[in-house]
Amino acid sequence: MRPSGMTNDQYADLLHMLEQKITDLATKTSGSGLVVSDTDYYEAVNYGEDIKDLTDGREELVFDTLGRPNLMTNFYADKWAGLDFLSANSTLFTPDSNSLHPAFYCDQEGNQLCEFQVGKYQAVRWEGTNTPCSLYNLVPSNSLNLDTMLTMIGAMGCGFALTTQACWAYMALLSMRLSYECRGNTSYGKAHDCTSEVAKAANIYTKSDGGKAQYLSRTGTGPTYWNLLGDPAMPADLVGNLLERVADVKFVNGVWRLIPYNYALNEGVDLSSGSTLFKELAPGDKTIFNTQGTAGSLCYDLVNESGTQMEISNAVVNGIKEGHVDGANTFASTAVHSGVIVPPYAYELLLAPCTKAPKGYFWLRWISESTPYFGGHANYGSNAGLGCRHANYTRGSSHINIGFRPARLKKVR
C-alpha cells in the first residue's frame, strides 16, 4: 500500500531512488562482485530501513553470506494467503482442506506454516559476471543451466533458494483474484500490449529478429504496470524480459513430478535430477502424493496423436516421447481427459488452469526430464504472461533468454 498523499508514480520514484543508492554501493568498486564494503555497509542498511518503512514492511533488504545486498518482497500469511480468498469462495477453483495456499507450508506434509520472500528483481549480471542477487537497474543474469543456478543460489547461504513453482502459482492466483495481470518487456524492450511502456535497455542482445533490435531490459526499469499487482514494492518483470526457471517441478515423459508444498525453499534440499524428494500426484478429489513411477499418476498428454492440444490425464497415450512433436496451447485451454478427476492441489499449484486462468502459452515436450521456465521473454508477445510455461528442454539447457530469481523462507511458525 502506497503512503498517504503520494501518487503511485511518486511512490515508485522514491522507492527506486532508494534502491538505486543500494545498487550504487554494491557496484561502487570494480571487481567487488557486488559485495558492499565494510565502510558502506551501514549506509546500505539505512537505505534498507527506509525502504522497509516506506513499503510498510512489504519490501526488505537482505544480505547474503558474502555481503551482497538483495531487494526482496515479503509475502505474509495474511488474508491474501487464504485459499478461500484466493478461490473467491470456490468460484475460481475448489480449494483443499488447508487454510492457506501451499506456498505457505514449508514441510512435505503441509503442516508447518511459513512466510517467504521472493526477489523483487531477476538475478543480475555485473561486469560480465552472473550473480544470483536481486538488485535494481542492472543487466539480468542469463545463459545458465539449472544446476549452475542452484549452485549459485546455494552459495548465497542465509536461507536463499531458487524461486519455486509454489511461489509463482501463489503470485499468479493472487493476480487473478485481484484482477490485475502485470505486463512486461514482451516486445523488444516494450510491452507488446501497450507499446508506450518502455524499459531501459540492457544492451547485451542485438540479434536481428525480423528487422527489430531485440534486447533485455535492466531490472525493474519498466513502469509500475510491470510489477505484480501494479505495486512498486512487488516483484517486477515476472512477465517477459527473461524466462525464469524453477526446480521444484518437472515433467518426466509428461508425468508430473513435484516437491510438495514449499519444501524446496528450505536451504540444502536435494533438487538434483535423481532426487527422491519429488513425488507424483494421484487423480481424485483429494491431494495424494505417489512415489515416483506409480502407474496412473497425473500427466500431460496430447488430445490426439496428430495435434498439439494438451490435456491432463492419468496415462501418456498420444504424447510423443523423446521430443519430436510438442504440445502447444494457451495454458487456460489445457483440457482434462474424460473421467479423470483433477485434485485441488493441481489448481493451487497451477498445474491445471483455474476458471479464470492467467494469460500465456504452454509448451511441453515428452522427454525424460523437462524442467519448466515461466513468464515469457523479450520477444514472446502475446505468448507471455503469468500463465506462460515453457517445458521443452532439459535442466542442462541454457540461453540468453533464460534467467532466474532468488527466494527465501522468511518465517517458520
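Tutor: Let's start with a word we will need: a residue is buried under 20% relative accessible area, exposed over 50%, and partly exposed in between, using a 1.4 Å probe and protein chains only. This is a predicted model, where local features need pLDDT of at least 70, side-chain atom pairs count only at pLDDT 80 or more, and totals for chains, interfaces and linings use all residues. Residues are numbered from 1 along each chain as its sequence is written, and side-chain values use heavy atoms, with hydrogens and water left out.

Student: Does Asp237 count as buried or exposed?

Tutor: Find Asp237 in the loop between strand 11 (212-213) and strand 12 (243-245). Strands here are DSSP runs of E with at least two residues, helices are runs of H or I with at least four, and both are numbered from the N terminus. With a relative accessibility of 1%, Asp237 counts as buried.

Student: What is the phi of Asp237 near?

Tutor: Most residues other than glycine have a negative phi. Asp237 is a residue other than glycine, yet its phi is positive, near 65°.

Student: Ser143 has a positive phi too; what is its relative accessible area?

Tutor: Ser143 is not a glycine, and its phi is about 60°. Look for Ser143 in the loop between strand 6 (139-140) and helix 4 (146-154). Ser143 is partly exposed, because its relative accessible area is 35%.

Student: How do helix 1 and helix 2 run relative to each other?

Tutor: The axes of helix 1 (residues 8-26) and helix 2 (residues 38-54) come within 9 Å and cross at roughly 160°. Axes are lines fitted to C-alpha atoms, for helices over the stretch in contact, and angles run from 0 to 180 degrees between N-to-C directions. Angles under 35 degrees count as roughly parallel, over 145 as roughly antiparallel, 65 to 115 as roughly perpendicular and the rest as oblique. Helix 1 and helix 2 are therefore roughly antiparallel.

Student: How many nonpolar residues has the contact of helix 1 with helix 2?

Tutor: Contact means heavy atoms within 4.5 Å; among the residues that meet are Leu14 and Leu18 in helix 1, and Tyr47 and Ile51 in helix 2. Ala, Val, Leu, Ile, Met, Phe, Trp, Tyr, Cys and Pro count as nonpolar, Asp, Glu, Lys and Arg as charged, and the others, Gly among them, as polar. By class, this contact has one polar and five charged residues, while its nonpolar residues number ten.

Student: Which strands stand at the edges of the five-strand sheet?

Tutor: This open sheet has the order 1-2-3-25-7, with antiparallel pairing; two strands pair if DSSP finds at least two bridges between them. Each edge strand has a single partner, so one side is left without a neighbour in the sheet: these are strand 1 (59-63) and strand 7 (160-162).

Student: Which residue in strand 25 is the bridge partner of Leu162?

Tutor: Strand 7 and strand 25 (residues 406-412) run antiparallel and are joined by three bridges. In strand 25, the bridge partner of Leu162 is Pro406.

Student: How far apart in space are Gly284 and Val342?

Tutor: Gly284 sits in the loop between strand 15 (280-281) and strand 16 (289-290), and is buried, with a relative accessible area of 16%. Leaving out residues up to four places away in sequence, Gly284 touches Ile341, Val342 and Pro343. Gly284 and Val342 are 58 residues apart in sequence, but their C-alpha to C-alpha distance is 5.9 Å.
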